[in-house]
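Please read them alongside the model.

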Amino acid sequence: MLSNRVPVHLRWIPPAINFYKLNTDGATSFETDKGGIGTGGGGIRNHKGEWMVGFAGPIPHTNCLSAELQALIKGLSLAAQLRLLPLQVEIDAKEVITLLDNRNSRYSNLILDCRYLLGTLHDPVVTRAYMEQNCVADNLAKLGSRMSPAAALCIFDEPPFCVTKQLLEDQRGFTSQRMVPPTAVHQLDDQDGNRCFVANHVPKGTATIYFESFSSKNAVHTTLEDRQCDITRGDASNRYACTDSIPISLASTSTCNMMHEHHNLVRML
């Protein structure tokens, strides 16, 4: 009951200095369930909250947990390929974290893939975040739900339009309120002891005033070229301009209801 819950103001917590953080999310919908296709998305940011790389697109699944696991695999694979180390990993599906410690599971193949990739990344701990702390990944999963089931996974060197505002909110420390059981409050610390909620919070309601005065030239614009990377970059032939404008409509994903509009250079994986 709500009477037994207390309000906390949650925010995305940046990783430790010189670390990267991966957030992923998987989603299913009534429409895509019929075809055995779900969607997944995720993003990797540095300790300043700056965009490193992200992904979105359809992924095969049998249910919601499988979609979450495969989204996590996609994100870990991307971090390993681009050598984004050291890495912290955060997801909003606590069931997945439980499965990672389970040796007898119907998802054993996916679990083994996750464990292998975590090993190549020096075994970062996968921690749980509330949905309010995982909004960028959630928005990317929503973006994937608007793509064709036959589309290839899109890799974003620059943040797509649908997450630009959320990236700025996270960098500015904007918070969202959530009612949680009193016993859960002490669990809202990250692995470095940082508080994942704040008392003197910046409510998202103030974001509108902030963004109205925020010039587009100051928008988040961080690409992989801004850092040293030994990975060979794809040429322009592997990129295309994603100019589809999504009409105002509600997505049917079970984890979110939101319309999308994206206009960005992406590359296919």
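How many of the ten residues of strand β4 are buried?

1. Nine of the ten residues of β4 (residues 51–60) are buried, where buried means under 20% relative accessible area with a 1.4 Å probe and protein chains only. Strands here are DSSP runs of E of at least two residues, numbered from the N terminus.

2. This is a predicted model, in which local features need pLDDT of at least 70, side-chain atom pairs count only at pLDDT 80 or more, and totals for chains, interfaces and linings use all residues. Residues are numbered from 1 along each chain as its sequence is written, and side-chain values use heavy atoms, with hydrogens and water left out.

3. Strand β2 (residues 20–27) has eight of its eight residues buried. In a regular strand the side chains alternate between the two faces of the sheet. One side of β2 carries Tyr20, Leu22, Thr24 and Gly26, the other Lys21, Asn23, Asp25 and Ala27, and both sides are covered.

4. Two strands count as paired if DSSP finds at least two bridges between them. β2 runs antiparallel to β3 (residues 37–46), with eight bridges; Asp25 has Gly41 as its bridge partner in β3. β2 also runs parallel to β5 (residues 87–91), with five bridges, and Lys21 is opposite Gln88 there.

5. β3 and β4 are antiparallel and joined by nine bridges, with Gly38 partnered by Ile59 in β4. Four residues lie between these strands in the hairpin, where Gly49 takes a positive phi near 80 degrees.

6. β4 also pairs with β7 (residues 154–156), antiparallel, over three bridges. The bridge partner of Ala56 in β7 is Cys154.

Note on methods:
Buried < 20%, exposed > 50% of the residue type's maximum accessible area, 1.4 Å probe, protein only.
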